Amino acid sequence: MIEALFPLARPILHGLDAETAHDLTLRGLSLLPPRSPAPDDSALAVELFGRRFPNPVGLAAGFDKGARVADALLGLGFGFVEVGGVVPLPQPGNPRPRVFRLTRDRAVINRFGLNSEGLDAVADRLKARAGRPGIVGVNIGANKESTDRLADYVACTARLAPHAAFLTVNVSSPNTPGLRDLQGEAFLDDLLARVIAARDASGARPAVLLKIAPDISLDGLDAMTSTALRRGIDGLVVSNTTIARPASLTETALAGETGGLSGRPLFTASTGLLAETFLRVGDRIPLIGVGGIDSAETAWTKLRAGARLLQLYSALVYEGPGLVGTIKRGLVDRLRAEGLSSLAPVVGRDAADIARGG
Ligand SMILES: Cc1cc2nc3c(=O)[nH]c(=O)nc-3n(C[C@H](O)[C@H](O)[C@H](O)COP(=O)(O)O)c2cc1C
């Protein structure tokens, strides 16, 4: 239903400032009557983190920062939803405007700066949906003004572990000064050790995932994957937004805005990094592929590059919620065409080619 309305709503939403349009979208979703998604083709199911994902198409972090509409989003047919980023104390983020649509490029630039209602608000909302079906994870970060950022991740982990299927450690947002420095090997080792200890002490067992930036070097990736393996991370999310500005961008007036670029122009870099990550970790650490997915074709390529699960955000701005069904149908068609009954044999089968730029 809401899928059919999007072509009508899009010109109105796109006539508004991007953040206002997003707030309206969230309000609209919060008003939807509860609905269960149509059952997915069993060939799309993915068994991971001790759970059965009904399909691999997830919503990426940043869309529902306050965990206000997780059930409505699951109702749109996503196989899982990542809410957040959340930080311990409420913080306003950067001044507006802080998100921009690069329409011709099918891209977004944002510099929200982890605006968050804070841990208490998000934990309470997740607690209130306890027992409802659907897989919901939380993206966690550190307050901008924090004097002990590691302690912020630990606080988020301890508080959210009982209410989340997975926790994604976000050290890759480009919009909090110094946050990406936590990707350095010594910091990261300490951070992951402490987050995992906090998870284990909580008595709950959400998967702990690490989300990485597409702007790291291959040496940086070597260090990060070996730290993740050593610390027993449950999954890697590849990738966050990029600070790079590919030469292909045509919206040159907006391309100069500070912030993280996402959407179609991120696809090649994030998929290349995904393939490089797969070549390093193989099936020892499951990967979530994110960055520029806007079709069944791009989703399929992420799987071939090594993703077990997928996430998207920016393409929803341009294609609307019907995209979720389009991708799922397209994946089923491809499986049928190859005579496969599950996605597993596709995962990583072309990682070497894709890493070489193929
Ligand atoms: C407006 C906006 C806000 C975002 N906020 C977060 C966030 O809080 N934490 C995070 O890890 N990623 C955040 N992201 C990154 C997305 O989760 C995703 O990694 C990135 O957008 C690439 O996927 P896409 O090309 O499908 O949008 C945000 C992205 C956008 C566009």
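The second largest pocket of this predicted model holds about 630 Å³ of space, and 32 residues line this pocket. Elsewhere in the model a ligand is surrounded by 24 residues, and the protein covers 97% of the 600 Å² of accessible area that the ligand has on its own. The chain that carries both sites has a secondary structure of 13 helices and 13 strands.

**The second largest pocket**

- Of the residues that line the second largest pocket, A70, D71, A72, L74 and G75 lie nearest its centre.
- At least two residues of this lining come from each of α2 (18-31), α3 (70-75) and α4 (119-128), and the largest share, five residues, is that of α3.
- Sorted by class, the lining of the second largest pocket comprises 18 nonpolar residues, together with seven polar and seven charged ones.

**The ligand and its shell**

- Among the residues that surround the ligand, the closest are A61, N139, G263, G292 and S314.
- Two strands, β6 (107-110) and β11 (260-263), each contribute at least two residues to the shell around the ligand.
- The shell around the ligand consists of 13 polar, nine nonpolar and two charged residues.
- A polar backbone atom of Y313 is 3.0 Å from an oxygen atom of the ligand.

- S239, found in the loop between β10 (235-238) and α8 (252-255), has a backbone N or O atom 3.0 Å from an oxygen atom of the ligand, and a cis peptide bond with omega about 15 degrees joins V238 to S239.

**Backbone at F49**

- F49 belongs to the loop between β1 (46-48) and β2 (51-53), and its phi is near 55 degrees, a positive value in a residue other than glycine.

**Overall dimensions**

- The C-alpha atoms of the chain fill a box of roughly 45 × 45 × 45 Å along the principal axes.
- The radius of gyration of the chain is 19 Å, which agrees with a compact globule, because a globule of that kind with 358 residues would have a value near 21 Å.

Key: Residues are numbered from 1 along each chain as its sequence is written. This is a predicted model: local features need pLDDT of at least 70, side-chain atom pairs count only at pLDDT 80 or more; totals for chains, interfaces and linings use all residues. Side-chain values use heavy atoms; hydrogens and water are left out. A residue is near a molecule or strand if one of its heavy atoms lies within 4 Å of it. A polar contact is a pair of N or O atoms within 3.5 Å; within protein, one must be able to donate a hydrogen and the other to accept it, and residues adjacent in sequence count only if both atoms are side-chain atoms. Accessible areas come from the Shrake-Rupley method with a 1.4 Å probe; for residues, only the protein chains shown count as cover. Helices (H or I, at least four residues) and strands (E, at least two) are DSSP runs, numbered from the N terminus. Ala, Val, Leu, Ile, Met, Phe, Trp, Tyr, Cys and Pro count as nonpolar, Asp, Glu, Lys and Arg as charged, and the others, Gly among them, as polar. On a 1 Å grid over the protein atoms alone, a cavity is a set of points where a 1.4 Å probe fits but cannot get out, and a pocket is an open set with protein on both sides within 12 Å along at least five of seven lines; lining residues have an atom within 4 Å of a point. Grid points are joined across faces, edges and corners, and a volume is the space filled by probe spheres set on the points. The radius of gyration is taken over C-alpha atoms; the globule rule is 2.2 Å times the number of residues to the power 0.38.
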